[in-house]
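Hi,

Here is the structure I promised to send over. Have a look at it first, and then read on for what turned up when I went through it.

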Amino acid sequence: MTTLFNRKRTYFLLMLFGVTIGTLTLHSQTVILNKSNPLEKISRATLRNIFLGNNTAWENGVRIQIVDFSADNTLRKQFDENILDMSPQKVGMIWVKVTLSGKSIPPKIVHGEEELKNFISENEGAIGYVKNTNNLPQSLKLIPIIDE
Amino acid sequence: MKNSFAKILHFFSGSLRRRLISFLSIFLMLLSLIYYFYTLSVQGAYFRASYAQNTADVLHALKFGMELSLQQEDYASLQKIFAWAKQEHYVKFIVLVSEDSTVVAKFPDNLIWDNTYLSVKPSLQDENYILKNKFVSSITKGTFLVGFSTQIIRDYESKILFDVTVSTIIFIILSILFGTLFSHGITNPLEELRNVTEKIATGETDKRVTLKKGTDEILSVSTSFNTMVDRVLSAKKDLENDLLEAAEFVKAILPAPMKHPLPIDWRFIPSKRLGGDAFGYDFLDPNTLAFYLLDVSGHGLGAALLSVAVLNMLRSKSLKDADFKNPTSVLQALNTSFQMENYGDKYFTMWYGVLDLQTMQLKYSSAGHPPAFVVRRTDGTKEVLKIGNSNFFVGGMPDYDFNTDTVTLAKNDIIFLFSDGVYELEKEDGSMMTLDEFNTFLTRCCERPFELDFLIQELEKIKKPGPFEDDFSLLRITLQF
């Protein structure tokens, strides 16, 4: 019985561990902002709203400028599926709708993390995500994604 | 309806002017209508062709731009392309449908698309201008539809319809004006020619055509016409002069009026055309007076010559087998000598009388001639006797037996011998005076001595103004001795 109980507990612990690992994997993509942005952390829901074009401005009034990778990028695929729960194609179609309706500024599509970092350091309201956080320039800042 | 159609037909087939006007106007109107339909069809076809080309260009540009910007997720370019498409006034709506039938994008926003149904229902013609095209990109692939408005075609067509209709109406009005003016240019001189001809026909022989402008056939016709009228008039004048001379000659061989042994007076007014009247009187012996008057049929020189010939025979007593004291004998001799087939179908009427001054017996015979009138006054009453009988005219029938009658006259009777030209006068009301009216006229007219000039004056009051139409011959013998 005890063994059985222990086995069950072991499964539970393993499951819990798995979830933790998963969360850690998720958090391996880190959101970066321009240094001037006062935001210190961001929730998944807010991120979702921003990346699907529902939020168009930061709390301080600055227009949000999304920077994203092209649809065939692995990092983009992971981000779309983990954070937005959609395929990059679906996200692209949403952006077609959103931009053609004129509600928000279309995302800037870049072809590498360096280009992304450069663009964000130059644009006050820009937001993007990267995998490699080493040697981050002074003009950028990282913020964590928190679960609510 | 049928009546008015007949009226229209009558108008078009009326005068030369109307025919020309209608011909020219209808001709130019037909030209206008050809221009009208030709312009409409050609302009319309041209505009439709350019419209089709334009829509195809727009569709091509949209497909190319969309594919490229979707491939690269260049949303800014996509925005620009859509913004451009919205500005294209041909584009009415755009629907972008992905492979799984979801609407990726659309314009305008309130358009509802579920693959078969369009909420912004274009008009019937617009539906013919929905163009479809497939597209492929990294995000999605599918179809896009562009609805092109044909309003612009209808606007353009109604605009050219208006323009062309207005210009055609103006053209038609100008056609009628031009047709009228042109026709007047032709028919006005013709009408003047007609007016002048009519005036000359009614006697205004001094009228001429006064056209001066132009060098065309009508002018040369006018000139020839004037020349012709001049020539004809001069020929007519020559002829009139001849007739006048002939009349003078006739007058010259008439016997002079006399006072003794009894007063005889006469008036002879030859007509312009010379009527062929002649008369004479002659004492066959101191107590026997023969007097006569004849009127040759027709007018002119022929009639005058015949009357002079007859008169000469009577005067010179050269008539064969004639007893001049016997009217029957004289008329029969004349009838034998002057049969009409030998004298150009001319015959004559004649009154011949022989008066015995002692017995006062008058033997007379009239051949187709009006009777002589004898005015007699007894005890304050005046009566007019008709002295004549009804023989056939002279020259008509060979071997005709002329009848002689006798009447006894009284002293102071007045004999009037005359030709029909004296009483066959056209009165003011257009009717002819009759012999009976002349009889009445003589009864009422005058007191003795029946002054001839006064009689003529009175007759001229009755008749229509103008010269005597026929020879006027009036012989008056007063039985006073």
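A quick word on confidence before the rest: pLDDT is the predictor's confidence in each residue, on a scale from 0 to 100. You'll want that because this is a predicted model. For chain B the average pLDDT is 85, and 94% of its residues score at least 70. The model as a whole comes with an ipTM of 0.72 and a pTM of 0.49.

Let's start with chain A. Its 148 residues are 26% buried, and its secondary structure consists of five helices and seven strands. Going along the sequence, the pattern reads α-β-β-α-β-α-α-β-α-β-β-β. Among contacts in chain A with a separation of 6 or more, 65% are between residues 24 or more positions apart.

Five of the strands in chain A make an open, mixed sheet, ordered β4-β3-β5-β1-β6. The edges are β4 (108–110) and β6 (140–143) of chain A; each has a single partner strand, so one side of each has no neighbour in the sheet. On average, neighbouring strands here are turned by 30° against each other, ignoring direction.

Now for where the chains meet. The contact takes 15 residues from each of chain A and chain B. On the chain B side, α3 (75–87) and β2 (103–107) are the elements that give two or more residues, and α3(B) has the largest share with five. By type, the chain B side splits into seven nonpolar, five polar and three charged residues.

Last, the nonpolar cores. The largest one has 56 residues, and those touching the most other members are Y292(B), F348(B), M350(B), F416(B), L417(B) and L475(B). Strand β7 (residues 288–296) of chain B gives this core its largest share, seven residues. Setting aside neighbours within four places in sequence, L417(B) contacts F279(B), F291(B), L293(B), W351(B), A372(B) and L475(B). There is also a second, separate core of 31 residues, including V96(A), L100(A), F144(B) and V146(B).

Cheers

Key
Residues are numbered from 1 along each chain as its sequence is written. Chains are lettered from A and ligands numbered from 1 in the order in which they are written. This is a predicted model: local features need pLDDT of at least 70, side-chain atom pairs count only at pLDDT 80 or more; totals for chains, interfaces and linings use all residues. Helices (H or I, at least four residues) and strands (E, at least two) are DSSP runs, numbered from the N terminus. A residue is buried if 20 or more other C-beta atoms lie within 10 Å of its own, exposed if 12 or fewer, and partly exposed in between; C-beta atoms are placed from the backbone. Two residues are in contact if their C-beta atoms, placed from the backbone, lie within 7 Å. Ala, Val, Leu, Ile, Met, Phe, Trp, Tyr, Cys and Pro count as nonpolar, Asp, Glu, Lys and Arg as charged, and the others, Gly among them, as polar. A nonpolar core is a set of buried Ala, Val, Leu, Ile, Met, Phe, Trp, Tyr and Cys residues joined through C-beta atoms within 7 Å. Two strands pair if DSSP finds at least two bridges between them. Axes are lines fitted to C-alpha atoms, for helices over the stretch in contact, and angles run from 0 to 180 degrees between N-to-C directions.
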